[in-house]
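Have the viewer open as you read.

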Amino acid sequence: MSEPREPLRLGTRRSKLAMAQSGQVAEAVSRMTGRPVELVEITTYGDTSREHLAQIGGTGVFVTALRYALLRGEVDFAVHSLKDLPTAQPEELALAAVPVREDPRDVIVARDALKFTDLPRGARIGTGSPRRMAQLNAYARSHGLDIETVPIRGNVDTRIDYVRDGRLDAVVLAAAGLSRIGRMDEATDFLSVDMVLPAPGQGALAIECVADDADLIAALAGLDDPFTRVAVTAERSLLAALEAGCSAPVGALADLPPLSAPLERGDPQADGQIVKEMRLRGVVGTPDGQSLVQLSTTGPVPETHDQAMTLGRELAAEMLAQGAAGLMGERAH
Ligand SMILES: NCc1[nH]cc(CCC(=O)O)c1CC(=O)O
């Protein structure tokens, strides 16, 4: 008979979203390793501060306390929303797995089940994210819509309450967050990524442990999705190269490009080969939507971390050449 094994300790924030995603990963890890996983709740500064996230300014307010718990050996691994993770990876910690990404899009929760295009003139839309403000306002400008973006913050429940009690016509949220807390049915419209590019890493999770725990890294590797990993690596490399923090008005998404015409037609040139390509799109803009730099590049799926990093850096360099830096306002660092 095998010895009973110690449970793995998963450090998690207390928020409903964090508990939901940690719970889902705990189950997957426990299924895969045959070891029980116990959740250890940790309070982070981002959870307790009442200041606006954009005012706190620093990247990673949700992440730091979990990382200290890992480094102190209080927990064995932690689950983060990848979009909340600072782009610099500390040497002592390993990004052990990036599981398959969920829907990366933003959605709105609007009153009266309204779609975005049905919002009335002067509609008040709540979001604390300069990225969402920039792109919504730019879209409104170019389509002759009259909307007002209203800065709010708070967890997903709090933000939906703004609509429920009539203070706002709509709020913008990440589809993945709503889905993980089981409230996806309250979304009234998806915002297409052609209209609003998501935050780098949105919809993806990061599973982190200490870099010298080789056994655990090997065990967690089973949860890794290589495509999601290179995609978010390229997105975050773009973000880092723009020297932008997590609250900067930067959107990025790497995904499969629409099938190219020759492949759709079964062009004999393609020789029966499906050419695996990835498209990386990036956007940066002023929150009022007056100025926006949006670029895209398509090429073979990166095969290594370095290739993915290069892809993001190169697109960022093109964006900077088109004036991206001037649109980001105060630099986070
Ligand atoms: N900003 C906080 C945050 N961090 C991750 C998610 C959602 C889940 C995800 O994007 O992976 C959210 C909520 C939101 O933006 O609506």
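This is a predicted model: local features need pLDDT of at least 70, side-chain atom pairs count only at pLDDT 80 or more; totals for chains, interfaces and linings use all residues.

1. A quick term before anything else: a residue counts as buried if 20 or more other C-beta atoms lie within 10 Å of its own, and as exposed if there are 12 or fewer. Going by that, helix α4 (residues 64-71) has Ala65, Leu66, Arg67 and Leu70 as its buried residues.

2. The protein chain has 333 residues, and 44% of them are buried. It holds 11 helices and 13 strands. Looking at contacts with a separation of 6 or more, 77% are between residues 24 or more positions apart.

3. Next, the inside. Nonpolar side chains tend to be buried together in soluble globular proteins. Here the largest nonpolar core has 86 residues, and the members touching the most others are Ile108, Ala170 and Leu242. The biggest contribution to this core, 7 residues, is from helix α9 (residues 226-241).

4. What does Leu242 contact, leaving aside its neighbours within four places in sequence? The partners are Val250, Val284, Ala316, Met319, Leu320, Ala324 and Met328.

5. Now the ligand. Around it sit Ser81, Lys83, Asp84, Val156, Leu173, Ala174, Ala176, Gly177, Gln202 and Gly203. By class that shell splits into 4 nonpolar, 4 polar and 2 charged residues. Both β8 (170-174) and α7 (175-180) supply at least two residues of the shell.

6. Why does the ligand lie between two domains? Domain 1 (8-100 + 204-224) and domain 2 (106-191) both give residues to the shell, so the ligand lies between them.

7. Ala88 is worth a click. It is placed in the loop between β3 (77-81) and β4 (93-97). Ala88 counts as exposed because it has 11 C-beta neighbours inside 10 Å.

8. Last, some backbone angles to check. Most residues other than glycine have a negative phi. Asp112, not a glycine, has a positive phi of about 55°, and Ala113, also not a glycine, has a positive phi of about 55°. Asp112 is in the loop between β5 (106-110) and β6 (123-126), and Ala113 is found in the loop between β5 and β6. Are they buried or exposed? Asp112 has 10 C-beta neighbours inside 10 Å, so it counts as exposed. Ala113 is exposed too, with 11 other C-beta atoms within 10 Å.

Terms used:
Residues are numbered from 1 along each chain as its sequence is written. A nonpolar core is a set of buried Ala, Val, Leu, Ile, Met, Phe, Trp, Tyr and Cys residues joined through C-beta atoms within 7 Å. Helices (H or I, at least four residues) and strands (E, at least two) are DSSP runs, numbered from the N terminus. Two residues are in contact if their C-beta atoms, placed from the backbone, lie within 7 Å. A residue is near a molecule or strand if its C-beta atom, placed from the backbone, lies within 6 Å of it. Ala, Val, Leu, Ile, Met, Phe, Trp, Tyr, Cys and Pro count as nonpolar, Asp, Glu, Lys and Arg as charged, and the others, Gly among them, as polar. Domain bounds come from an automatic or database domain assignment.
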